[in-house]
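User: I've got this one open on my screen and would like to talk it through. Could you take my questions one at a time?

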Amino acid sequence: MKINGALSLNNDGPLIIQELDLADPKPSDVLVRIVATGICHTDLIAKANTALPLPALFGHEGAGVVEKVGSAVTRVVVGDHVLLTSASCGYCARCQAGNPSYCLEFHALNMGGGRCADGSCTHTQAGKPVFSRFLGQSSFASHALVNERSAIKLHPQLPLDVMAPLGCGVLTGAAAVLNTLQPRPGSSLVLFGAGAVGLSALMAAKIAGCSRLIVVDKISARLQVARDLGATHVVDASEANTMATIRELTGGGADYVVEASGVPKVMELAIEAVGQGGSVAIVGMAGSQATVNFNPVTLQSKGANIKGCMLAGENSVPEPFIRKLIEFWKSGQLPIEKMLRFYEFDQINDAIADSLNGVTIKPVVRMPRATRS
Ligand SMILES: [Zn+2]
Ligand SMILES: [Zn+2]
């Protein structure tokens, strides 16, 4: 079928909305008409990655309505409202152990470019392959083709444009705290990077009962949002002596630290900020060549640990965890709207620009009304 997608034709230019061809669903696939999609930092890292083939179709916070299902699909039916998340195989040792976010097939399924076993590609333009099914989706388009494991059925009254970022950014930040770190009530938590992932981690830390919530960022507008969302202290990294302030506020070092900026130098600060017996979660995405220096003796003498995490985090399956997050949202404990700004599909490049320059914390693009439910 013909679909419209905001294609990346080169690494530094704007996305261009063009028509392309999408293959029919394979037995386990679901065709979803996209209603809204968030834009995540990882889309922009991938867009700038010169190692990926072009043209490419990114986007991995899609939400929409099921239009067609493959012959073996059992989880959703045509007409269901769904939230999309990244792909996992379901049968590897990590998936079987309840850790699908760390699936052994993750790279092949999420960064494979839409190539099928027979060498064909799900997305093509004039017969040529388009790098697609990015993080299981490629949602910067009127339609997405996903494995049914990536489609989470939603109650039809939930607003799809607000729910969309639950598929990656909100999921990742909240899971880093609630699933990977699991902070004790009354503990201190320092958070570096008040973007969508970081602020989601902040809301989760408040839910977990952390009593001292310190947010570090360079953008004062984001620090203001952090205050609104429950930060007990904010530190403007462009002005303050960040580490001295954190030590003062935490009595020497934090019980828990979340690094959500993705900047290697900030990751070093995050590791330095942890206190005795504490834990650091590295959530922000740096480029694949990034390296981070830390002093092992300091870490050893603190008995501290560093954990990498992404998506649903440790020992967590996305679908039940996202359902839990929706319950938090309904009860007002996860007010994600405070981070969102909405754009129409043909404003997608404005949305990206606003995200890059810090004007918008989490852009969500809505598809043209004619295609909405
Ligand atoms: Zn797997
Ligand atoms: Zn993402």
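**The zinc site and beyond**

Analyst: Let's start with the metal: in this predicted model, the zinc ion (ligand 2) is held by Cys40 (SG), His60 (NE2) and Cys168 (SG), at 2.0 to 2.2 Å.

User: What spacing do the donors of the zinc ion (ligand 2) follow along the chain?

Analyst: The donors are Cys40, His60 and Cys168. Written as a pattern along the chain, their spacing is C-x19-H-x107-C.

User: How many residues apart in sequence are the parts that Cys40 and Cys168 tie together?

Analyst: Cys40 sits in the loop between β3 (29-38) and α1 (41-48). Cys168 sits in the loop between α4 (160-163) and α5 (169-181), so the pair links parts whose separation in sequence is 128 residues.

User: Are Cys40 and Cys168 buried or exposed?

Analyst: Both cysteines donate through SG to the zinc ion (ligand 2). As for the surface, Cys40 and Cys168 are both buried.

User: Moving on to helix packing, how do α5 and α11 lie relative to each other?

Analyst: Take the axes of α5 and helix α11 (residues 318-330): they come within 11 Å and cross at roughly 95 degrees. Angles of 65 to 115 degrees get one label, so α5 and α11 are roughly perpendicular.

User: How many nonpolar residues are in the contact of α5 with α11?

Analyst: From α5 come Val170, Leu171, Ala174, Ala175, Leu178 and Asn179, and they meet Phe321, Ile322, Leu325 and Phe328 of α11. Sorted by class, that contact has no charged residues and one polar residue, and the nonpolar count is nine.

User: And which way do α8 and α9 run, roughly parallel or roughly perpendicular to each other?

Analyst: Helix α8 (residues 242-250) packs on helix α9 (residues 264-273) with the axes 10 Å apart and an angle of about 25 degrees. The cut-off is under 35 degrees, so α8 and α9 are roughly parallel.

User: How many charged residues does the contact of α8 with α9 have?

Analyst: Here α8 passes α9 in a right-handed crossing. Met243, Ile246 and Arg247 on the α8 side meet Leu269, Glu272 and Ala273 on the α9 side. By class there are four nonpolar residues and no polar ones, and the charged ones number two.

User: Now some loops. Which peptide bond is cis?

Analyst: Look at Pro55, in the loop between α1 and β4 (61-69). With omega near -5 degrees, the cis bond is the one from Leu54 to Pro55.

User: Is Gln182 buried or exposed?

Analyst: Gln182 is in the loop between α5 and β10, and its phi is positive, about 45 degrees, although it is not a glycine. Its relative accessible area is 52%, and the cut-off for this class is over 50%, so Gln182 is exposed.

User: What about Leu311, buried or exposed?

Analyst: Leu311 also isn't a glycine, yet has a positive phi of about 50 degrees. You'll find Leu311 in the loop between β15 (305-308) and α11. Its relative accessible area is 8%, and the cut-off is under 20%, so Leu311 is buried.

User: Last one: how far apart in space are Arg184 and Tyr256, C-alpha to C-alpha?

Analyst: Arg184 lies in the loop between α5 and β10 (188-192) and is partly exposed, at 49% relative accessibility. Leaving aside neighbours within four places in sequence, Arg184 is in contact with Asp255 and Tyr256. Arg184 and Tyr256 are 72 residues apart in sequence, while their C-alpha to C-alpha distance is 9.4 Å.

Note on methods:
Residues are numbered from 1 along each chain as its sequence is written. Chains are lettered from A and ligands numbered from 1 in the order in which they are written. This is a predicted model: local features need pLDDT of at least 70, side-chain atom pairs count only at pLDDT 80 or more; totals for chains, interfaces and linings use all residues. Side-chain values use heavy atoms; hydrogens and water are left out. Axes are lines fitted to C-alpha atoms, for helices over the stretch in contact, and angles run from 0 to 180 degrees between N-to-C directions. Helices (H or I, at least four residues) and strands (E, at least two) are DSSP runs, numbered from the N terminus. Angles under 35 degrees count as roughly parallel, over 145 as roughly antiparallel, 65 to 115 as roughly perpendicular and the rest as oblique. A crossing is left-handed if the near helix is turned anticlockwise from the far one by less than a right angle, and right-handed if clockwise. Contact means heavy atoms within 4.5 Å. Ala, Val, Leu, Ile, Met, Phe, Trp, Tyr, Cys and Pro count as nonpolar, Asp, Glu, Lys and Arg as charged, and the others, Gly among them, as polar. Donors are N, O and S atoms within 2.8 Å of the metal (3.2 Å for Na, K and Ca); water is not among the atoms, so sites may look incomplete. Buried means under 20% relative accessible area, exposed over 50%, partly exposed in between (1.4 Å probe, protein chains only).
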